[in-house]
Amino acid sequence: MRIDVITLFPDFVEGCARVGVVGRACERGLIEIATWTPRDFASDNYRSADDRCYGGGPGVVMMIDPLARALASARAASGSSEGKAIYLSPQGRRLDQAKVEALARRDHLILLCGRYEGVDERFIEHAVEEEISVGDYVLSGGELAAAIIIDAVGRLQEGVLHDAQSALQDSFANGLLDCPHYTRPERHAWGVVPAVLTSGDHAAIARWRLKQSLGRTWLRRPDLLAQLELDDRQRALLDEFRREHEAKTTRDRDSGSGE
């Protein structure tokens with residue numbers, strides 16, 4: 001997969017792309033990441049990539065021509081005109097795992113990082129295929145959002161993760177939050193690892209993990225649960241989790257009231 005990033009701060013994006021699983025994937029040639037700065041395509045001696053807003057108001061706006069030249073160069077360097085141009089904007093569709101998986105199936109992405117008051121609307125209308133937001137908040141620029149997409153999409157590429165099953169067990173992979181995880185020591189002052197996880201009974205472990213995943217989603221993200229059609233087994237496990245949770249809540253309340 002190739003990802004081109006149009007940004008005023010290429011060092012930031014390149015730094016993010018050098019670490020973790022994505023960095024190792026780049027070293028192994030599984031992902032290719034290139035950056036393009038609009039200032040390199042400016043037409044004046046000041047390397048101007050932005051100018052004042054028409055209509056007045058604070059801040060400046062990124063200009064059409066430097067962006068268009070950067071986009072054309074990114075397409076030419078990739079040898080393909082099929083790269084999907086995505087503008088990272090708080091006004092775009094909110095990123096979720098389903099969207100990440102759809103993007104990960106593409107061979108080429110071009111991410112546009114806005115700055116200041118944003119990008120000239122005419123460039124968005126004529127050159128951008130999609131706008132994506134990483135959340136309902138405003139960042140100083142699109143570079144952090146680009147780094148998020150690079151990481152989320154990159155880790156799904158074949159061969160990037162040491163164990164492909166890891167991605168299948170992540171939160172949101174099946175519409176649910178992930179289950180709790182534990183490591184050594186088995187016993188600690190802060191608690192004990194659930195006995196089922198040390199039993200060696202793989203069927204029982206899988207059942208416990210699914211029940212915890214369902215229960216966590218019910219407790220923390222009921223909106224996700226409402227979007228799913230649970231089968232009979234999942235509904236039974238969720239009901240079991242609810243009963244256990246309510247019983248524990250009652251015990252904790254009674255214990256607290258007796259002190």
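## Salt bridges

A salt bridge here is a side-chain nitrogen of Lys or Arg within 4 Å of a carboxyl oxygen of Asp or Glu. By that rule, this predicted model holds 18 salt bridges. Side chains of opposite charge can pair when their charged atoms come close.

Arg39 is partly exposed, at a relative accessible area of 23%.

Arg221 pairs with Asp223. Their closest N and O atoms are 2.9 Å apart. Arg221 is partly exposed, with a relative accessible area of 32%. Asp223 is partly exposed too, at 37%.

## A pair along helix H10

Asp232 forms a salt bridge with Arg235. Here the closest N and O atoms are 2.3 Å apart. Both residues belong to helix H10 (residues 232-257). An α-helix has 3.6 residues a turn, so residues three or four places apart point the same way. Asp232 and Arg235 are three residues apart, so about one helical turn separates them.

How exposed is Asp232? Its relative accessible area is 60%, so it counts as exposed, the cut-off being over 50%. Arg235 reaches 39% and is partly exposed.

## The five-stranded sheet

Five strands form an open sheet. Their order is E2-E1-E6-E5-E7, and the pairing is parallel. Strand E2 (32-36) and strand E7 (130-133) are the edges, each pairing on one side only. Neighbouring strands are turned against each other by 35° on average, direction ignored.

Within this sheet, strand E1 (residues 2-6) pairs with strand E6 (residues 108-113). The two run in the parallel sense and share five bridges. Ile3 stands opposite Leu109 in E6.

## Helix H6

Helix H6 covers residues 143-154, which makes 12 residues. At 1.5 Å a residue, the helix should span 16 Å. Its end C-alpha atoms are 16 Å apart, so the model agrees with that expectation.

Is H6 enclosed or open to the outside? Nine of its 12 residues are buried, so the rest of the structure largely encloses it. Among the buried residues are Glu143, Ile149, Ile150 and Val153. Ala145, Ala146, Ala147, Ala152 and Gly154 are buried as well.

Note on methods:
Residues are numbered from 1 along each chain as its sequence is written. This is a predicted model: local features need pLDDT of at least 70, side-chain atom pairs count only at pLDDT 80 or more; totals for chains, interfaces and linings use all residues. Side-chain values use heavy atoms; hydrogens and water are left out. Helices (H or I, at least four residues) and strands (E, at least two) are DSSP runs, numbered from the N terminus. The expected span of a helix is 1.5 Å times one less than its number of residues. Buried means under 20% relative accessible area, exposed over 50%, partly exposed in between (1.4 Å probe, protein chains only). Two strands pair if DSSP finds at least two bridges between them. Axes are lines fitted to C-alpha atoms, for helices over the stretch in contact, and angles run from 0 to 180 degrees between N-to-C directions.
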